Amino acid sequence: MIRSGGESKIRLIGRRMFIISAAKAVVVFGIVGRLISLQINESKKYKTLSDKNRFREWKFSPPRGLINDYFGKEIASNKQVYQLHIIPENSENLEVLIFRLKNILNLTEREIFKIRRKISSQKPWDPVIVSDNLTWSEFSRINLFLHELQGAEPVVSVARLYTEPSSVHVIGYVSKASKKDLQTKEYLEGKIATGTRVGKTGLEHKLDSEMIGDVGYKRYEVNAYGKRIKEISIDPGKSGKNFKTTLDLDVQELASQQLEGKSGSVCVMDIYRGDIVAMVSSPVFDPNQFVHGIDQKSWDGLIKHRDKPLINKAIAGLYPPGSTIKMLAAISALENHTFNPKTAIRCKGSIELYGEKFHCWKKKGHGYMDMREGIKQSCDVYFYEVARKLGIDRLSETAKKFGLGKPVLKGLIEERSGVVPNTSWKKKNIGKNWYLGETLHAGIGQGYWQSSPLQLCLMTAQIANGGYEIKPRIILDKEGKNQFTDLDQFIEDKKMFSDDVVSLYEFITKFKYKSLFRNSENIKFVQDALFAATNEPGGTSYGSRLTKEEFIFAGKTGTSQVKRFTEEQRELEIKNEDLPYEDRDHALFVAFAPYKDPRYSISVVVEHGGSGSGSAAPIAKKVIKKVLEKHPLRDSKREQGESV
Amino acid sequence: MFQQGSIQSHLNLRDKIFSLDLIMVSCVLILGIISFFAMYSTDGGEFAYHTKSHIIRFFVFFFLFIVVSFFKTNFWYNWSIPIYIGILGLLILVKFFGLTSSGSQRWLSLYFLNLQPSELMKISLILFLAKYYHRISSTDVNRIKFLLTPIIVLIIPVVLVVTQPDLGTAFLIGAGGAVVIWLAGVKMKFFAYMAVIFFSVTPVAISFLKPYQKSRILTFLDPSRDPLGAGYQITQSKIAIGSGGLFGKGFLNGSQSYLDYLPEKHTDFIFTLFSEEFGFFGSSLVLALYILITWRIISIGNGFRDTFGKLYCYSFGTAFFIYVAVNMGMVLGLIPIVGAPLPILSYGGSSMMAMMFGLGVVMSCKIHRDQPIG
């Protein structure tokens with residue numbers, strides 16, 4: 001029958017219940033402990049994780065810094081562009097979307113392939129750029145069909161715009177960041193968003209880290225499926241820094257016009273401040289096509305072009321300096337007392353040394369010459385003799401002092417150093433001993449010499465300013481400004497007192513510029529000789545002189561040989577124009593202006609242009625006139641302050 | 001002696017109402033109110049379907065709780081076997097006519113609710129075993145002959161539920177039954193034997209299952225087979241609870257659940273949602289309420305004279321605690337994810353019905369503590 005109760009049974013149940021209760025207490029402690037650990041001790045970590053769940057960020061690139069010329073005109077600016085992005089996860093049927101877009105925008109199979117590859121390589125919520133520079137009609141067509149294009153997003157964005165083709169080489173261009181860029185440029189870390197462009201050449205490259213700006217963020221709250229629920233915040237990022245350059249767009253344009261159809265370069269420099277007023281290379285190309293991705297055909301066109309439009313010939317083009325080196329040869333000889341300027345030498349059209357014949361450009365010869373005449377008429381025979389007595393090592397020392405053989409500007413990747421030859425250079429780089437004959441060639445700027453047009457411009461500037469070392473610059477900044485406080489003071493003083501109490505040139509000698517001479521008379525001598533070369537009958541650039549007093553300039557022509565004339569060619573009197581294009585000489589011209597109180601130096605190179613006097617000097621004449629016309633404006637701008 | 005009506009006793013209705021355990025009733029009501037807020041939050045801050053139906057169910061079954069408690073304990077003693085057999089019958093019916101949802105066949109469609117007999121089995125098994133051990137003497141408890149019935153009545157429903165498949169409920173049913181058997185005084189060694197048999201038979205049993213059932217059970221046992229499922233749920237649940245911090249993100253501000261990161265947020269993961277919005281204080285409060293209820297159940301068992309009542313209250317109290325501990329352990333990432341609702345708080349009619357019924361029987365033991373059984 002039913003046996004209920006029983007004291008022992010009840011006691012057993014009670015005992016076992018006690019054990020269970022103890023176990024329960026342990027479990028409660030476990031749960032409470034876990035709650036404490038999750039919600040109190042590690043709460044911070046889980047809050048972060050929760051926010052990571054909650055928020056998703058979309059990066060976008062800020063406007064890139066602008067580059068302006070000295071007068072505030074924009075050289076590299078930004079424009080509004082119309083773009084089309086796809087956010088794959090917002091599209092219900094990606095295939096249909098791509099097909100529709102293909103029809104609307106006439107996309108090629110290749111572009112479709114690229115888009116697909118991009119989609120598969122990134123997260124489904126990251127936007128993919130289908131087209132980053134739509135025309136207005138394409139953009140409006142997209143907007144018309146937008147209701148059928150789920151997942152497509154028309155975006156109005158900003159992109160780089162280059163308005164001035166004359167400045168393309170010095171400014172450079174931007175393009176998509178390559179893998180190499182991302183690996184080698186540390187500053188790019190965290191700066192790349194959809195559509196960010198990085199500087200590839202020129203100033204765009206040099207100033208990239210400052211101009212690129214800080215990426216902005218759009219923060220959205222998203223649900224577990226990645227759908228945007230609401231916008232939480234927008235961080236607009238930071239626009240890149242704007243830069244003001246020393247360039248003058250008017251001069252740039254004029255110089256570029258003068259070089260049109262030619263291959264060459266023009267450099268203009270302020271001889272006291274080192275400000276580069278113009279730096280133009282020809283032919284030019286359209287940098288805008290790099291911003292949105294250049295097509296293969298245009299790229300091939302640029303790469304295979306005879307005149308190499310991508311190269312900035314002002315700093316990356318290297319030429320033997322030709323007769324322009326005679327200025328330095330003269331200075332070096334005078335400084336080292338190896339030659340008396342009054343020494344007369346008879347030029348018979350050529351001289352012989354150890355059986356080798358050295359020709360003067362003038363076949364008939366110049367007759368009796370002193371040093372001033374030698375420079376003025378650019379007598380080669382005279383400078384063979386100057387060089388022979390001077391020796392190559394002393395000449396190269398002077399050349400280096402005046403800025404040849406090393407980069408003029410900092411941070412421009414294209415710039416090349418060139419070569420200032422001497423005995424040890426030849427031994428090291430060619431492995432042979434120097435011959436005296438090579439010294440003679442070096443004396444007229446041929447042979448191993450390699451110098452860039454900007455180096456020649458600097459050399460001329462440092463002769464024109466009385467022989468003082470300057471540090472050229474292209475970006476205006478505070479540092480550069482302080483360097484010239486004394487100069488600015490002088491300009492002030494000069495205004496207050498009567499004009500010609502003291503010349504700027506004389507003032508300069510009292511100040512802290514490092515002098516490159518032992519005797520300033522030697523520099524003056526060369527300046528005077530250059531004046532003669534341009535402004536006295538018989539001077540090599542007499543035909544290109546400017547006669548108005550304030551425009552009078554002094555310059556030296558040069559012709560740099562691409563190929564040495566053979567004896568047969570000399571006999572046949574073959575003219576330069578008759579040679580095949582690539583064998584013709586380069587035409588060079590360097591000058592400073594105005595002669596009385598000089599302010600600017602200039603160098604012009606026309607590749608395969610023949611003689612310096614024939615093709616380079618006329619260009620220089622026009623550019624000098626423009627520069628001097630703009631000088632008062634430039635000066636007044638300076639008083640207003642150079643800051644950006 | 002004349003046969004008295006089931007409700008009638010020397011106590012009148014007024015007496016019965018006054019002898020209700022007020023602590024327990026208020027704890028249940030507070031949990032109910034908390035569950036309304038939690039449900040309102042899972043509905044995204046709207047008074048929508050889940051909230052409405054949960055509130056209705058809570059009050060309906062709270063009424064059931066009170067009504068059940070007014071029946072004499074002896075009535076539940078007498079009816080425990082038919083109730084067990086009836087629910088076992090429903091479990092078998094589920095095999096044939098059950099509704100299938102997310103791959104598991106658990107529900108019988110009644111017009112007003114989808115009944116989940118496995119939930120009710122949790123209680124009826126305890127009732128059955130409490131009666132069984134009430135009837136045998138303590139000397140017989142450890143005899144093999146008397147061990148057979150408990151094992152059979154425990155195994156049959158567990159196997160039925162496992163094959164639904166619903167491992168979580170099967171485990172909770174089995175755990176409840178095992179608690180009764182252990183409290184009745186069955187020696188530890190029998191439990192050890194059973195464990196050995198269980199672990200040796202399980203692989204064989206699994207091999208008899210259909211492939212899709214097999215894969216579901218294997219995924220159950222080894223969540224890493226389905227990384228985006230169980231592992232994801234645990235991680236997101238921990239993030240939600242942890243990010244709640246000391247005071248929580250505030251009512252309706254639980255971003256994890258609001259943004260659909262939480263799975264099953266109105267059923268198994270309701271505690272997660274509550275912890276996220278109300279922080280450590282909120283979760284401690286809920287835990288304290290459950291401990292209070294458990295303590296009251298055990299105390300009522302202490303006060304009951306007869307073996308049946310004691311055994312039932314102790315077992316149900318322990319089972320109740322196990323349900324809570326398993327659910328919390330699961331959402332806190334202490335044990336693997338098994339489908340186990342949190343009593344009263346979780347959305348689900350059958351679970352609510354089972355808990356209220358179980359509590360009702362406990363309350364009946366309180367009201368009728370001095371009346372003899374049998």
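## A nonpolar patch on chain B

Helix 8 of chain B gives the most to a nonpolar surface patch, with four residues. Helices here are DSSP runs (H or I, at least four residues), numbered from the N terminus. The patch covers about 520 Å² and is made by Ile155(B), Val159(B), Tyr193(B), Met194(B), Ile197(B) and Val201(B). Two elements of chain B give two or more residues to it: helix 6 (144-162) and helix 8 (188-208). Patch residues have over 30% relative accessible area and no salt bridge; nonpolar side chains (Val, Leu, Ile, Met, Phe, Trp, Tyr) are joined within 5 Å, and in charged patches like charges are joined within 9 Å. Accessible areas come from the Shrake-Rupley method with a 1.4 Å probe; for residues, only the protein chains shown count as cover.

Val201(B) sits in helix 8 of chain B. Its relative accessible area is 44%, so Val201(B) is partly exposed. The classes are buried (under 20% relative accessible area), exposed (over 50%) and partly exposed in between (1.4 Å probe, protein chains only).

## Basis of the model

This is a predicted model: local features need pLDDT of at least 70, side-chain atom pairs count only at pLDDT 80 or more, and totals for chains, interfaces and linings use all residues. Residues are numbered from 1 along each chain as its sequence is written, chains are lettered from A and ligands numbered from 1 in the order in which they are written, and side-chain values use heavy atoms, with hydrogens and water left out.

## Where the chains meet

54 residues of chain B are in contact (heavy atoms within 4.5 Å) with 40 residues of chain A. The two chains bury about 4,000 Å² between them, 68% of it on carbon and sulfur atoms. In chain B, Trp182(B), Leu259(B) and Phe280(B) lose the most area to chain A, together 15% of what that side buries. Buried area is the accessible area (1.4 Å probe) that two parts lose on being put together, summed over both.

Salt bridges between chain B and chain A number zero. A salt bridge is a side-chain nitrogen of Lys or Arg within 4 Å of a carboxyl oxygen of Asp or Glu.

## Helix 20 of chain A

Helix 20 is mostly covered: 12 of its 12 residues are buried. Among them are Pro453(A), Cys457(A), Met459(A) and Ala464(A). The expected span is 1.5 Å times one less than the number of residues. For the 12 residues of helix 20 (residues 453-464) that is 16 Å, and the end C-alpha atoms are 16 Å apart, which agrees. Gly466(A) follows the helix, with a positive phi near 100°.

## Asn522 of chain A

Asn522(A) lies in helix 24 (residues 520-535) of chain A. Its relative accessibility is 11%, so Asn522(A) counts as buried. Leaving aside neighbours within four places in sequence, Asn522(A) is in contact with Ile331(A), Leu334(A) and Glu335(A).
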